[in-house]
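The sequence and structure are shown below.

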Amino acid sequence: MPSPYRALFGRRGTKSFSAAGLLGRMPLSMLGIGIVTMISQLTGRYGLAGALSATIALSAAVLGPQISRLVDRHGQRRVLRPATLVSVTAVAGLLLSAQQGWADWLLFVFAACAGCVPSVGAMIRARWAELYRGSPRELHTAYSWESIVDEMCFIVGPILSIGLSTAWFPEAGPLLAAAFLAAGVFWLTAQRATEPVPHPREQHTKGSALRSRGLQVLVVTFVATGAIFGAVDVVTVAFAEEVGHKAAASLVLAVYALGSCAAGAVFGLLHLKGHPSRRWVAGVCVMAVSMVPLQLVGSLPLLAVALFVAGLSVAPTMVTTMALVEEHVPRAKLTEGMSWTGTGLAVGVALGSSAAGWVVDAAGAARGYLVPGTAGLLAALVAFAGYRRLRPQSAPAVAGPAVAGGLPGSAGPTGPATERRGEESVA
């Protein structure tokens, strides 16, 4: 039986835009940790380093959906290139300011401008959605592949960024991240054949894609999910330091990403039946339950095993989320809708890392894992409460070809019927 991944890349141009997306997404895992490493080496001020990293994350969370909204209206090439130039210039200003020891307020100005970074993952997923419109099985495989790419970035990126900044010079990690962003975006936008065509002005409803009731549930749940990720990162570093092996924290966190990567690869091979909303709620609940063993671990090897198991639920949940975004957001706002889920994650990461740091300082690393456990419980509660908004709505029968909106038992209907449901949810 041929691999669905091989069939996925049978279309011309798919390998090129996916590779460009990998490059363009590397800063997602490199820039923040690179700035923390750089500032801590240059000044020894971890508080300033964390505040600058949080500023970039929150700025990207605010600006990302707005950039994606412009992309839906004007196209990827016209919007992404100027936005990337602004972000890269701001990163260069931040590095120069830090190296020269300029005023702190200037660092924060550059950090806020650096958040004008495109959501490259959303751009790639929008290309897959355009390419395989009406083919839910292929889209399921495509979204699974993109989750694998995301996890690859988080396995390699932090190690590369920290390693270069400590072994070469402090600015090396963020500098390479900016170079990856520029190369990835300009390579991607040079590929015009697979770029989604901007939708005419008359197809754009007033307001944001976030007016969709289904998207609201996904974004709020992702805030809690992001808090899991942010808290796990901080507490794992603190736990490794307490047991005397701080350097091993990056390897343990890489195992967490590896679990998600493996699950995403297998998930993309499956042909699943039923509506994705049920799988999504189940995935969120499994993610919440997987936080329980973290409260019991007492050594790094056991922690690595627990995090690998916890990672198995991450990628499948993310893949299912993208299928739900496609169903609940009008096609004219699809890129923006996908970016809003990233915004929810970014806000959650900032909140989770802050809360985890406070708990670790007050009660130690072992108690710090209560934060991702609590965040998982909140995510499950929100998913249950919002499930009714995500279920497929019954629609009146339509005669003729319009009935065929998707395959029976597919990962979610596509086509005109789906777009009408999305428009109704935003209206």
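The accessible surface of the protein comes to about 18300 Å², and carbon and sulfur atoms account for 67% of that surface. Accessible areas come from the Shrake-Rupley method with a 1.4 Å probe, and for residues only the protein chains shown count as cover. The model is predicted: local features need pLDDT of at least 70, side-chain atom pairs count only at pLDDT 80 or more, and totals for chains, interfaces and linings use all residues. Residues are numbered from 1 along each chain as its sequence is written, and side-chain values use heavy atoms, with hydrogens and water left out.

The protein has 17 helices and zero strands; these are DSSP runs numbered from the N terminus, with helices (H or I) of at least four residues and strands (E) of at least two. Of the 427 residues in the protein, 53% are buried. Buried means under 20% relative accessible area, exposed means over 50%, and partly exposed lies in between (1.4 Å probe, protein chains only). Among contacts (heavy atoms within 4.5 Å) with a separation of 6 or more, 84% are between residues 24 or more positions apart.

**Helix pairs**

Two pairings of helices are set out in the table. Axes are lines fitted to C-alpha atoms, for helices over the stretch in contact, and angles run from 0 to 180 degrees between N-to-C directions.

| Helix pair | Axes come within | Crossing angle |
|---|---|---|
| α10 (residues 249-267) and α13 (residues 314-328) | 6 Å | roughly 55 degrees |
| α7 (residues 136-167) and α8 (residues 172-189) | 7 Å | roughly 135 degrees |

On the α7 side the contact is made by Leu 160, Ser 161, Leu 164 and Ser 165, and on the α8 side by Ala 172, Gly 173, Pro 174, Leu 176 and Phe 180. This contact has six nonpolar, three polar and no charged residues. Ala, Val, Leu, Ile, Met, Phe, Trp, Tyr, Cys and Pro count as nonpolar, Asp, Glu, Lys and Arg as charged, and the others, Gly among them, as polar.

Where α10 meets α13, Tyr 256, Ser 260, Ala 263, Gly 264 and Phe 267 of α10 face Val 314, Ala 315, Pro 316, Val 319 and Thr 320 of α13. The residues of this contact divide into seven nonpolar, three polar and no charged.

**Individual residues**

Thr 236 is placed in helix α9 (residues 213-242) and is buried, with a relative accessible area of 0%. A polar atom of its side chain lies 2.6 Å from the backbone oxygen of Val 232. Not counting residues up to four places away in sequence, Thr 236 touches Ala 249, Val 252, Leu 253, Leu 303, Leu 307 and Tyr 369.

Val 382, in helix α16 (residues 370-390), is partly exposed, with a relative accessible area of 26%. Val 382 and Val 220 are 162 residues apart in sequence, yet their C-alpha atoms are 7.4 Å apart. Beyond four places in sequence, Val 382 touches Val 217, Val 220 and Thr 221.

Leu 23, in helix α2 (residues 14-43), is partly exposed at 25% relative accessibility. Its C-alpha atom is separated by 9.1 Å from that of Ala 177, 154 residues apart along the chain. Leaving aside neighbours within four places in sequence, Leu 23 is in contact with Phe 180, Leu 181, Ala 183, Gly 184 and Trp 187.

Methods
A polar contact is a pair of N or O atoms within 3.5 Å; within protein, one must be able to donate a hydrogen and the other to accept it, and residues adjacent in sequence count only if both atoms are side-chain atoms.
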